[in-house]
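Biologist: I would like to learn how to read sheets, cores and chain contacts in a model. Please take them one at a time.

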Amino acid sequence: MALTRKVRLTPNGEIGIMIEAESVTPDSFAGKSESELREIAVWQGPREVPLSEFFDLEAWDEDGDGTVEILIDGDASRVKRIGQGMTKGKIEISGSAGMHLGSEMAGGEILVRGNAGPWAGMNMRGGRIEVFGDVGDHTGSAYRGSWRGMSGGNILVHGNARSQLGGGMSGGEIVVDGSVENFCGIRQSGGVILVKKDAVRGVGAEMIGGSIAVLGRILQFTPGFVASGSEKEPALGERKIEGEFAKFVGDYAIAKNPKGALYVREGMA
Amino acid sequence: MPTMVVKNGSVFDPLNGIDGEVMDVFIKDGKVVTNLSSSELKRAEVIDARGKIVMPGGVDSHAHVAGAKVNAGRQMRPEDHIGSVRSRTDIAHSGSGYTVPSVYKQGYDYSAMGYTTVFEAAMPPLEARHTHEEMRSTPMLDMGAYIVLGNNWFLMRYFHQGEIEKAAAYVAWMMKTHKAYGIKCVNPAGVENWGWGKNVHSLDEPNIHFEVTAREVIHGLAEVNEILGMPISLHLHANNLGHPGNWEITKDSLAVASEVSPSQKMNVEWAETKVDPHRTQSVYLAHAQFNAYGGTSWRDFKSGADELAKYVNKADHVVIDNGAVPFGPATCMTGDGPSIHDLYVLAGIGGQKWSNTDIELECGSGVIPFTYLKGSPISAIQWAIGLEMLLLVDDPWKTIMTTDHPNGGVFTKYPQVIAWLMSRRARDDTAAECHKWGYDRSSLGGVEREMSLFEIAILTRANAAKTIGMAHRKGHLGAGADGDVAVYDIDPERFNPDDYEKIIRAFGKAAYTIKDGQVVSRQGEIVAIPEVRRYYCEPKVDEGLAKDMMADVREWFKYYTLGFANYPVPEKYLRNPEPIVVNGAEGGC
């Protein structure tokens, strides 16, 4: 029977300058003793500081699947880059997470009970991020300046997302139970975005592939899309969405023969 | 000051006719000397170069490394920086960027490859301050910059009116005012038209308002260059760059300069060389690859390099650099705004980001990210043309190796380009990975030539220095030359061109890079930060003529958006400025 390594990090005070904790991943925690884990370095401004300066740490083994599970028991909204590049294991945060949560993540799972800052799941390739609260701008988006972002994996947001959700997305799935703001799915070329409530404007701007469905209202519709009939229970990737939908194809503002599909509930567009 | 012996290396010093001879190189007070006294030898630093090759420090005569368009490239490409990072060390700064690295990283990366001298290819006059500010912060390298004059209002007016002496006085004033080194001419007459959304596509098409043709601009600038006696000849970025079938206008443009005789009149001390170190060309064509295209469209696109090379082989007044395409990411940047627009339209599926700038009375500029893919038929042909332009020109003293960094590719790919020039197998192996048009639509597949280390030394230092007029101190190891030396880990006794990965490794990280007699990098690691110099020209002209010319400048200065007093670049912008007096009363050479 394999043992699962469990590590609990409990914030031990206020964090001043935000810390960058790309070293907090199941991958880098694997095989380390409790004292070694305390010494893992995180960046605070220009200096490297041991993790134990910000967190009390306990580690123990339980029967399980041989992976590492990290529990951050409290608020980590001033901690950036948690789970960056992780390939396996699990991170659970009982509070909120800072910027760049799970960016460039390739596998494993991250669960956030509170909110997540901007850039969660940036350039994500695989794995799963679930946020029970809201997420910031650029969730599941491409790095600044780049045309290709998230290529695989799943992001599930139970609250609202802000602007540029899934920018440059080429694969994977993002589901937002709440609403989004501007330019959701900008430059999308593949993958699926489902928004269960409303969007402000620019949905699917410059998209050439992939699918977006908005179940609520879109305040200002993107001009480069053309109507392409209606569909009942259209398929959004592997997911079927209930109801009657108007289908639009675009963005003709940017490409001659775009394949981006935008679904809006009949009567809502 | 450092005293040094580089012992027992196989020396390749083409300007002194040394072809692999095992010998020692002596440096005293930062300069190459023929020998050292026994007491000097005792305290000299000794570099053991046994089983290695020794060359003069590398000289890059054409790269885009400083100024507004380079920085525009940096600003518009954060994604170019995230994956390419250099950490700080005790003596070196951190830096980032692959195709458009930060100034520090750029200096270190060049030095790691054995380069000590790099010239910025295009400095718009109004961006001269910016260019010098970036050069001031670039470590490891001696530098200078060519000033862009091919669409300058004052000069076009003088050429139209046939006032060549006043044009020369203006150019002389611009060199001093902006601390510039040489004349660069980009898409003559065409960039001015681009201000009106147009271009010129032949040598004899008068442009808007100024009614001056590309032929008149090329001829005028070449003539001005030789009236002044500049170190470097006219440096030409020809018309129709990047267009299928442009090899013909390129050939015709070079022919225009054949009517002008080279005349280098610099007031400098010349280090000793066996070969005449004076330039013999009246035109130096930039990045020939982009101007050696055959066909009539992208559908029947093919190499035109054999035709252009035929012309260069016959012409004694031409030097070219190739602007190789080594595949991979690039950032195209040039003073040729319309050519960047053409590239945007061509590659613009999906609305790619790009930038274009009009530079008032002077020129223009454009920047666009671009990736050359082995699977792309066009890229494969461009790769072939870049190599053909060096391999089909018989006399290596007519060629210089560049990638037109970062247009054809990044300068850190130079070792790869050297491997293709030296190894037929390297070319065949790459051609096999490429779209078949690479070999099918060029003559490269039939080229047997494999360059020697001696020829590589010509293409990467000796001729670069000679062509730009720096051979009085750079590009060779004769007595009096700067003590700039590169030692590479290649044993000429066991050299096998088929083992080209070894060539790439050796030229990628010099065993030693020595600048002014000091080891500055070792196996790619920066070990010392040397003093660096900035070269510019101070041409002398008749004072009465200069006065008349200044009256013209003041008359039109009202069209600038800045005041006259803010136009010049003060010398404090330059680190260790080294003015070169040109056409001085003392006569010079």
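The dialogue below goes through these topics in turn.

Modeller: This is a predicted model, in which local features need pLDDT of at least 70, side-chain atom pairs count only at pLDDT 80 or more, and totals for chains, interfaces and linings use all residues. Residues are numbered from 1 along each chain as its sequence is written, chains are lettered from A in the order written, and side-chain values use heavy atoms, without hydrogens and water.

Biologist: What is the order of the open sheet of three strands in chain B?

Modeller: Strands are DSSP runs of E, at least two residues, numbered from the N terminus; two of them pair if DSSP finds at least two bridges between them. Here the order is E17-E19-E18 (chain B), with antiparallel pairing. Strand E17 (328-334) and strand E18 (355-359) of chain B are the edge strands, each pairing on one side only. E17(B) and E19(B), residues 363-372, share seven bridges; B:Thr334 has B:Gly366 as its bridge partner in E19(B).

Biologist: Which residues touch the most other members of the largest nonpolar core?

Modeller: Such a core is a set of buried (under 20% relative accessible area, 1.4 Å probe, protein chains only) Ala, Val, Leu, Ile, Met, Phe, Trp, Tyr and Cys residues joined through side-chain atoms within 4.5 Å. Of its 164 residues, they are B:Tyr110, B:Tyr181, B:Leu421 and B:Phe507. A second, separate core of 59 residues includes A:Val42 and A:Ile218.

Biologist: How many residues does each chain give to the contact?

Modeller: Contact means heavy atoms within 4.5 Å. Chain B gives eight residues and chain A gives eight residues.

Methods:
Helices (H or I, at least four residues) and strands (E, at least two) are DSSP runs, numbered from the N terminus. Buried means under 20% relative accessible area, exposed over 50%, partly exposed in between (1.4 Å probe, protein chains only).
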